[in-house]
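Visitor: I have a structure open here and would like to talk through a few parts of it. Could you take me around?
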Amino acid sequence: MSLKDLNRSLWVFHVNSGSCNGCDIEIVASLTPRYDIERFGMKLVGTPRHADVLLVTGPVTRDMEKKLKRVFEQTPDPKVVMVIGNCGSTGGVFYESYNLAGPVDQVIPVDVYVTGCPPRPEAIIEGVVKAWTKIEKQGEKK
Amino acid sequence: MNPDKVIEKKDRERKPDEPVKKKRKSNSYSLSIGPIHPALKEPIRFDLQIEGEKVVKVDFELSQVHRGIEWIGTRRNPVQILYLAERICGICNICHSTCFCIAVENIANIEVPARAHYLRTIHAELERIHSHILWAGVAAHELGFDSVMHYTWKIREKVLDVMEALTGNRITKGIMMIGGVRRDINEKQVPMVKEALEYYKKGFGKLESIFLKDPVIKSRTVGTGILSRHDGLALCAVGPTARASGIKKDVRQDEPYAAYSDLDVKAITPKDFLGEVKGDVFDRIVVRLLEVKQSIEIIEECLKQMPKGKILHEEKIPKLLAELRNIEGDGIGRLEAPRGEVIHYVKMVGKEAPYSWKVRAPTYNNLLPWGPMLMGEQVADVPIIAASTDPCMSCTNRAVVADGNSEKILDNEAMRRLSVEKTNALKRRLGR
Ligand code: SF4
């Protein structure tokens with residue numbers, strides 16, 4: 001993939017499905033000046049209807065299951081779902097909890113997993129680049 | 001427009017088989033915010049009754065982040081629990097793991113080496129700096145000052161660098177161990193820590209001029225979301241929220257743990273800076289900013305006074321675990337997290353895993369004060385008022401049962417009832 005293929009900036013919607021906040025603050029850290037993915041025009045948007053990418057953190061508690069599904073349905077195609085963090089990818093330290101409906105891929109289809117507990121902002125940015133490639137491919141197919 | 005009229009008009013338009021809509025008695029509407037909402041960084045649902053722009057009733061529903069951590073804890077050994085405790089809340093992970101350590105050390109009568117006490121203090125204060133600056137950014141974001149948010153998060157990176165150098169990770173650090181800490185601060189690292197502290201001393205002036213002198217921020221925050229001293233005491237507010245209402249409450253001062261007994265820590269109230277206490281959002285900003293300054297001083301003092309010596313009670317973890325397997329009894333850990341007092345209760349019964357583990361995070365106490373704070377305020381001020389207590393849902397949502405369907409705020413009585421029920425259930429299980 002070359003930079004020419006990027007014909008628009010990705011907009012991101014962030015869903016916290018019961019995370020410990022560790023990943024959430026790293027997501028914000030990757031948006032703020034040190035890592036600054038906003039310079040590529042990526043930004044957090046206020047509603048899933050405007051988003052291309054769903055960033056999901058947390059292991060999906062039972063309470064959040066339906067809400068996560070709804071957010072997924074509200075996001076227009078083509079879309080990419082990214083899981084940030086171990087607990088969303090596999091359950092992580094919470095794997096045996098009685099209150100989990102997750103991990104995330106049990107609830108909605110996931111395209112990119114960023115592991116780490118929490119992953120560094122660099123890893124999150126790399127994940128976004130992967131998501132970008134995926135969305136391009138989805139676009140080509142159509 | 002009179003809302004009754006609107007409904008009447010709608011009634012006229014309704015189809016024959018549609019049920020008749022109930023007329024509203026008053027002019028109040030209910031406004032539901034969350035659990036997924038851009039102004040909320042964490043899931044929580046607010047149910048507000050509003051009259052025009054004014055909030056007349058407040059209700060909130062928790063439990064979206066409940067992961068059953070305490071229950072998981074009863075299936076793991078104390079060293080494993082340290083890592084679980086860190087993930088109660090990613091922002092204040094040091095305080096939860098330290099608090100758990102203190103509780104277990106109480107049961108096992110483990111003596112922590114003096115140097116480890118100082119290291120714990122340093123890590124805790126670094127975390128306080130990180131947490132308060134992060135909060136300042138969130139507050140600016142809620143007020144609509146995104147450039148300020150970016151500025152605060154930029155200067156926050158410095159303390160993360162220090163933490164990464166000292167512990168190996170930016171957020172969850174895995175540095176605490178029962179009976180001490182896992183890594184020492186060596187000679188080479190000291191200048192780096194000092195440099196970061198200098199950086200914050202310089203940056204502090206700018207933060208101060210942004211938050212305390214800017215007329216717009218002042219007019220948005222002065223007089224908003226007032227929590228009176230009386231309400232703060234009655235609802236058991238803790239941490240900066242309580243101190244901003246003039247309650248001199250700080251575990252570091254009242255019941256020193258770690259190295260705080262050697263340091264002179266005084267609870268900071270807005271009186272020290274402004275000369276009076278209003279208990280509004282502005283006061284909470286003042287208290288947090290002053291605490292950043294206080295933390296810098298504490299770390300400097302620690303670096304100066306730190307004795308040499310061991311940092312761990314027992315270096316071999318299998319040996320430590322064997323020791324912990326035999327202990328019986330219950331212990332309590334208390335400490336002052338960035339958001340207020342954290343309490344961990346642990347009961348060990350001579351098995352590998354604890355019999356019971358209970359965590360009381362500061363946000364649990366600081367939820368009820370939302371009632372008096374939000375009442376009568378404008379809807380637009382809800383985000384900043386809610387954020388002004390620095391709520392942390394992931395800390396709180398472990399075992400909270402909040403009645404989401406009720407019309408009223410979950411009051412003390414209901415909480416007490418739940419707590420009594422839980423105690424009774426525990427008693428039954430223990431056969432007492
Ligand atoms: S992956 Fe780790 S840091 Fe991230 S939300 Fe889960 S527990 Fe927290």
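This is a predicted model: local features need pLDDT of at least 70, side-chain atom pairs count only at pLDDT 80 or more; totals for chains, interfaces and linings use all residues.

Visitor: Okay, where does the ligand lie?
Guide: The ligand lies between chains A and B, and the residues around it include A:Cys20, A:Cys23, A:Cys87 and A:Cys117, together with B:Arg87.

Visitor: Which helices of chain A each supply at least two residues of that shell?
Guide: Those are helix H1 (22-31) and helix H3 (86-90) of chain A; among the residues around the ligand, A:Gly22 and A:Cys23 fall in the range of H1, while A:Asn86 and A:Cys87 fall in that of H3.

Visitor: And by class, what does the shell have?
Guide: The shell around the ligand has 6 nonpolar, 5 polar and 1 charged residues.

Visitor: Switching topic: how many residues does H5(B) have, and how far does it reach?
Guide: H5(B) has 30 residues and reaches 44 Å from its first C-alpha to its last, which is close to the 44 Å expected at 1.5 Å a residue. Just after this helix, B:Gly144 takes a positive phi of about 95 degrees.

Visitor: Is H5(B) largely enclosed or open?
Guide: It is largely enclosed by the rest of the structure, because 27 of its 30 residues are buried.

Visitor: At what angle does it pack with H6(B)?
Guide: H5 (residues 114-143) and H6 (residues 146-167) of chain B pack at an angle of about 160 degrees, with their axes 8 Å apart, and that makes H5(B) roughly antiparallel to H6(B). The crossing of H5(B) past H6(B) is left-handed, and the residues of their contact divide into 16 nonpolar, 6 polar and 3 charged.

Notes. Residues are numbered from 1 along each chain as its sequence is written. Chains are lettered from A and ligands numbered from 1 in the order in which they are written. Side-chain values use heavy atoms; hydrogens and water are left out. Axes are lines fitted to C-alpha atoms, for helices over the stretch in contact, and angles run from 0 to 180 degrees between N-to-C directions. Helices (H or I, at least four residues) and strands (E, at least two) are DSSP runs, numbered from the N terminus. Angles under 35 degrees count as roughly parallel, over 145 as roughly antiparallel, 65 to 115 as roughly perpendicular and the rest as oblique. A crossing is left-handed if the near helix is turned anticlockwise from the far one by less than a right angle, and right-handed if clockwise. Ala, Val, Leu, Ile, Met, Phe, Trp, Tyr, Cys and Pro count as nonpolar, Asp, Glu, Lys and Arg as charged, and the others, Gly among them, as polar. A residue is near a molecule or strand if one of its heavy atoms lies within 4 Å of it. The expected span of a helix is 1.5 Å times one less than its number of residues. Buried means under 20% relative accessible area, exposed over 50%, partly exposed in between (1.4 Å probe, protein chains only).
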